[in-house]
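Look at the overall outline of the chain before turning to its parts. The paragraphs below go from the whole protein to its sheet, and then to single strands and residues.

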Amino acid sequence: MSAVSDGAGLELPEDADVVVLGDNADVLPRLPDGTFQLVYVDPPFNTGGRRDRRTLRTTRTDDEGDRTGFGGRRYTSVETGRMGYPDSFADYAGFLAPRLEHARRLLTRSGTLYVHLDWREAHYCKVLLDEIFGRECFLNEVIWAYDYGGRPKDRWPAKHDTILVYVRERGAHLFDQDQVERIPYLAPRLVSPEKAARGKLPTDVWWHTIVPTNSREKTGYPTQKPEGVLRRVLLPSSRPGDRVLDFFAGSGTTGAVAAALGRRFVLVDESPEAVRVMRERLGSGPVYLDATGAPLPAPDAG
Ligand SMILES: C[S@@+](CC[C@H](N)C(=O)[O-])C[C@H]1O[C@@H](n2cnc3c(N)ncnc32)[C@H](O)[C@@H]1O
């Protein structure tokens, strides 16, 4: 299996998933047209600062400690590192536009792009994506609603993200509704027992928890998205064996879900911390490359 680049193009191995460490502005032009059935991206939201998360090691103590755990036990925590990325852009649209143009080029004719944003930039990106894809290719505005964190007193607490969905060619696009996982009716007694047992189709408003602190999927990477949200993205808009691309990959949620659903994936992130987390999460199955297509050294190779 080879993933050798000739300097211009990045050759994707037929039979392996790929994780690339590099600026997506360098990587995307190297990928061939029409390669991906689905592109999902969750870029920095332009919050105006950095998105950082401390990693802590906690040990049980008989002394005072700095944390209380289950049953009132005391723990001491030591900071073992920080993970994060810059999240401030003077010209956010100027940053995203060339990358989203590549996203369109890279989609198959039946392909779909999902762009995950929040209230800060969603509306500017809608206008930008209309320009790149054409308004007729705008499929949905999905609202992911959650209920976590503080509630400011001077406005409505912002508890949703926006996922803009565009298709490469309206009418030719894949949306297999039968693959969508059904959800329970809010008032199951108002429908027949058969309907209640089958559940209902979700709409464009998705209620889903954030990644719970002690869950199996939690990696500690800042702004990690829940696998349940990605399952909902991948199931109707791609098929087993299709290629999926995420070029703001972070902790690799898209890859983890793609692997579980039998899709092939290409993940790109410029942060060595993100690639380290992806290695831990995705294991030795994928090929790990730099932006030129050269293999990255194994983590213990220094
Ligand atoms: C919001 S996070 C993605 C989180 C991810 N969806 C997850 O579930 O873990 C955005 C990521 O984009 C990466 N990023 C920002 N600018 C980039 C660029 N120019 N090229 C590649 N990755 C970039 C950051 O390093 C960060 O990991």
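A compact globule of 302 residues would have a radius of gyration near 19 Å, and the protein has 21 Å, so the two agree. The model is a predicted one. Along the principal axes, the C-alpha atoms fill a box of roughly 65 × 60 × 40 Å. Of the 302 residues, 32% count as buried.

The protein contains 7 helices and 12 strands. Nine strands, written in the order β9-β7-β8-β6-β2-β10-β11-β1-β12, form an open sheet with mixed pairing. Strands β9 (205-207) and β12 (287-290) each have a single partner strand, which means that one side of each is left without a neighbour in the sheet. From one strand to the next, the twist averages 20°.

Strands of a sheet pair through backbone hydrogen bonds, either parallel or antiparallel. This sheet has examples of both. Strand β6 (residues 107-117) runs antiparallel to strand β8 (residues 160-167), and 6 bridges join them. Leu113 stands opposite Tyr166 in β8.

Helix α2 (residues 92-106) touches β2, β6 and β10, and its direction makes about 150° with that of β6. Helix α5 (residues 227-237) also packs on the sheet, where it touches β2, β6, β7 (138-145), β9 and β10; the direction of α5 makes about 160° with that of β2.

Now follow strand β10 (residues 243-246). Strand β2 (residues 36-41) pairs with β10 in the parallel sense over 2 bridges, and Leu38 has Val244 in β10 as its bridge partner. Strand β11 (residues 264-269) pairs with β10 in the parallel sense over 4 bridges. Here Val244 has Phe265 in β11 as its bridge partner. Together, β10, helix α6 (residues 253-260) and β11 make a right-handed β-α-β unit.

In a regular strand the side chains alternate between the two faces of the sheet. In β10, Arg243 and Leu245 point one way, while Val244 and Asp246 point the other way. Are these residues of β10 buried or exposed? All of them are buried.

The largest one has 60 residues, of which Val39 and Val115 touch the most other members. Apart from neighbours within four places in sequence, Val115 is in contact with Val41, Cys125, Leu129, Ile163 and Leu164.

Note on methods
Residues numbered from 1 in each chain as written. Predicted model: local features only at pLDDT ≥ 70, side-chain atom pairs only at ≥ 80, totals over all residues. Rg over C-alpha atoms; globule rule 2.2 N^0.38 Å. Buried ≥ 20, exposed ≤ 12 C-beta atoms within 10 Å, placed from the backbone. Pairing = 2+ DSSP bridges. Right-handed = clockwise from strand over helix to strand, strands pointing away. Core = buried A, V, L, I, M, F, W, Y, C linked by C-beta atoms within 7 Å. Contact = placed C-beta atoms within 7 Å. Axes fitted to C-alpha atoms, helices over the stretch in contact; angles between N-to-C directions.
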